Amino acid sequence: MHARPQRRRAARKADLLWTLLGLVALQVAFLLWSEWNAPEFYDLEYGARIAILHERLAENPQRPVAIVLGSSRIGQAFLPEMMPPLKTAEGEDALAFNFSHLMSGPVMNLIAWRRLEREGVKARWLVLELVPTLMMGEHPSTAAGVATAPDLPVLLEYFPRGRALRTYVKNRANPWYQHRQALLQRWAPALATQASHTDLVKLGPCGGDAGWNLPNHVPDEDRRRMTARVAAGAQFLRAWKIDARADRAIRTVLEDCRRQNIPTLLLLTPESSELRACYSPDSLVALDDYCARLSREFQAPLINARAWLDDEDFSDGHHVVRRGAERFTLRLAKDALQPFLSNPLQAAEKSASGALQIPPGIPLR
Amino acid sequence: MYPRRGDPARGGKDTDVMLFCSLQFLGFFLLVLLAYWSMPWRWARVWLLLIASFYFYATWNLYLAALVLGAATYNYLLALWMGRLTSAWARRAVLTFGLTQNVALLVHFKYVNFFLESLQSLLTSLGFSGNLGTLNIIVPIGISFYTFEAINYLMDVYWKKTPAERSWPNFLLFITFFPHLVAGPIVRAKDFLPQIQRRKRWSWERCHLGLRFILLGLFKKLAIADQMALFVDPVFAAPESFGASVLWLAALAYVLQVYGNFSGYSDIAVGTAHLLGYKLVQNFNMPYLAVNIADFWRRWHMSLSSWLRDYLFVPLGGSRGGRWLTYRNLLITMTVCGLWHGASWMFVLFGLVHGLSLIVHHAFRGWCKERQVVRAALETTPGTVLRWAFTMGFFMLSLVLFRAHSLSQAGTYLGRMFSATEGLAPPRAALVVLLAAGVLAAGHWLGYGNRWLAWYAKLPAPVRGLGYACMTVATILLMPVTTQTFIYFQF
């Protein structure tokens, strides 16, 4: 007598249970797929840059590539699109590509380097930015916020596991919801209601900023205010000291390059006079000694461009405006990149002897 | 005089009530659900729902939540008084008084500025230079719905179709029950009040049914309606910039949007009520399968159309007084229907147009009765398809009046639809609109004659479960970055 209602109840309970299991299964399946096949879902900037880099490489697979790794400083300051053509010693046309990333310090640079390896990108040269603030330590949530499963070994090796994993897992609470627009952009762009990552992250054909973050001009008052804020937050530079994890990450990249015969150029990007004043004499000595040691150990020329630009070339003391980016790019191309690409060994020797510390007359400190 | 929307000092917030598709509502509802089924006492559950409903409305505006309670209490007392009277004329007097008060409340909040502005336009056109001004009023969300429920309750008590409810909390719950409070369905007292008294036990079947309604509602609202809005809004904002094909597509998109939005809301309301052990009336019955305009109004916003039939059309005389009286009653009823939607001449025009179409249908039906050949031809498959196409085409064009802000905008829109004009590219790919139309068509086809039930029953539970999971994921995937409010909140 009660069999039919009981069967119906059981069927409804089964439906609800299977729906829940189905949802979990779909979430897990999507997670697993996206971790290895769609890193751009978690890292918009990386997705945009790698897509453009692949386009350039597809145009001419034999063309040698100089990869530039670094933070938003070099991200805004280096505009490869406006450089004159770079020639190698053999007379080949080289491609310089800006593969920087917001807030990228030594560990995130290592992650980017590993990602390039996984993508099959073979750099002929590497330009590695050294950012003094980030060399004192990176926040784990920055890297964990953009990392995917293949990045986990580096993430967990270099950051406290608990903190890194918490951010990593939190980013995966509801993947279908979080990445719905990115998924639609990939598989059904007509249904997407948000711009794609390549539209949101506006970059030029060689990774230079094409209107994404680089301002054309900042009023003096704003510049002064933002610079003062940055300088106030950078008082820890008075006691600059290399962080052990950062040192290990830098050395890992340089070791990799040495093993693969990839000449590397070390670059200290421009800072305004207000920011340069934040360093105490002792911290400057420590920074210079460390950079010089790295340069010698790995035969990597060191370019100290910290004083290359005027204060008006900056928006906040360490990020440039367009004029600053143009000045920096042209100077880097002429005085560092071209000599480096033509003859990396000579450039390294010059650097070791101090002959590549430019402009002449401006001391390191 | 009244709290301005967005004035926190006076209980106002610059937002709508909690949207059914928001995380805020999810959190609120889960708490209510948990507390509700944890309580074994009926009276406690009633009070819990009352508090929850008040909170639901008060998150938007505290003072207007108090207005809802006040208006409901007022009607409760009136009905009790009417129920105690034995004299027919006294009962009629109380009813008239009650109806007048309810209509006055509705007119004051919703229509007084409309009438003042219209009067001002008229006086200006006649040469008067004075300024009547307008009142600083915000329209309480849901006032059209709960006022109509109060009216139908008073009339049912008067006609003795339902006894006057003695329990004040029960009556309050009938009016303020949050699933239907702000956008319907319009509930009848004789359907809802007995449910409060019934003992409720947790039921997995009911839970399953409720969740199914909610899922379907969310899909219609988020994946269909909100996607269509992204096509509709830019085109209706500047119809003079677009060519005929885009205007037709946008009109089609609006047909899909308004159905997805409103029936989606109704489904969520029905599903939410089921989870609390209450059954609300269905508001839509596959309206886009209608083959004539009368059939359409029997399927579209059924709680409103049946309300208008029972409490306006029939008391006016219905179709009992001969042809011309029937036509008059149809015209009045549909004009009120249009006006109910909002204080604008465009809504009045919408109602008028539908009233006229019902008259034409009535007349044509009468004409066909004497012509068997025509009648037979219209009932063949091609004939039915033709009638369906005509009905849908008419509804689509009438929605242009519904959506347009002014007669001139509607005129521009309709004029350009029927001329060989070119214009800007569509704001989104036409494929999106056609896909949505295809999905809704498939849904209607499956629903027709409950076709889907036969297949559904044969599927094993894992397949059904996976199907629901896929539908949930599809809803999440297709929801736009910014979701829209519910269209019928403004009514």
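**Aromatic rings in chain B**

Mentor: Let us begin with a single residue of this predicted model. A residue is called buried when its relative accessible area is under 20%. B:F56 has 0% relative accessibility, so it counts as buried.

Trainee: How many aromatic pairs does the structure hold over all chains?

Mentor: There are 65 of them over all chains. In one, the ring centres of B:F56 and B:F178 are 5.7 Å apart. Planes under 30 degrees apart count as stacked, over 60 as edge-to-face, and the rest as tilted. The planes of B:F56 and B:F178 stand at 40°, so this pair is tilted.

Trainee: Which parts of chain B does the pair tie together?

Mentor: B:F56 belongs to helix α2 (residues 42-58) and B:F178 to helix α7 (residues 178-181), so the pair ties together parts that are 122 residues apart in sequence. B:F178, also at 0% relative accessibility, counts as buried.

Trainee: What kind of aromatic pair do B:W159 and B:Y311 form?

Mentor: Theirs is stacked, with 5.8 Å from centre to centre and 10° between the planes. B:W159 lies in the loop between α5 (143-158) and α6 (168-176), while B:Y311 lies in helix α12 (residues 302-316), 152 residues apart.

Trainee: Are these two residues buried or partly exposed?

Mentor: B:W159 has 34% relative accessibility and therefore counts as partly exposed. B:Y311, at 5%, counts as buried.

Trainee: Where does the charged end of B:K110 sit?

Mentor: It sits over the ring of B:W340, 5.5 Å from the ring's centre. Likewise, the charged end of B:R403 sits over the ring of B:Y254, 5.8 Å from its centre.

Conventions. Residues are numbered from 1 along each chain as its sequence is written. Chains are lettered from A and ligands numbered from 1 in the order in which they are written. This is a predicted model: local features need pLDDT of at least 70, side-chain atom pairs count only at pLDDT 80 or more; totals for chains, interfaces and linings use all residues. Side-chain values use heavy atoms; hydrogens and water are left out. Rings of Phe, Tyr and Trp (its six-membered ring) pair if their centres lie within 6.5 Å; planes under 30 degrees apart count as stacked, over 60 as edge-to-face and the rest as tilted. Helices (H or I, at least four residues) and strands (E, at least two) are DSSP runs, numbered from the N terminus. Buried means under 20% relative accessible area, exposed over 50%, partly exposed in between (1.4 Å probe, protein chains only). A charge sits over a ring if NZ of Lys or CZ of Arg is within 6 Å of the ring centre and within 35 degrees of the ring normal.
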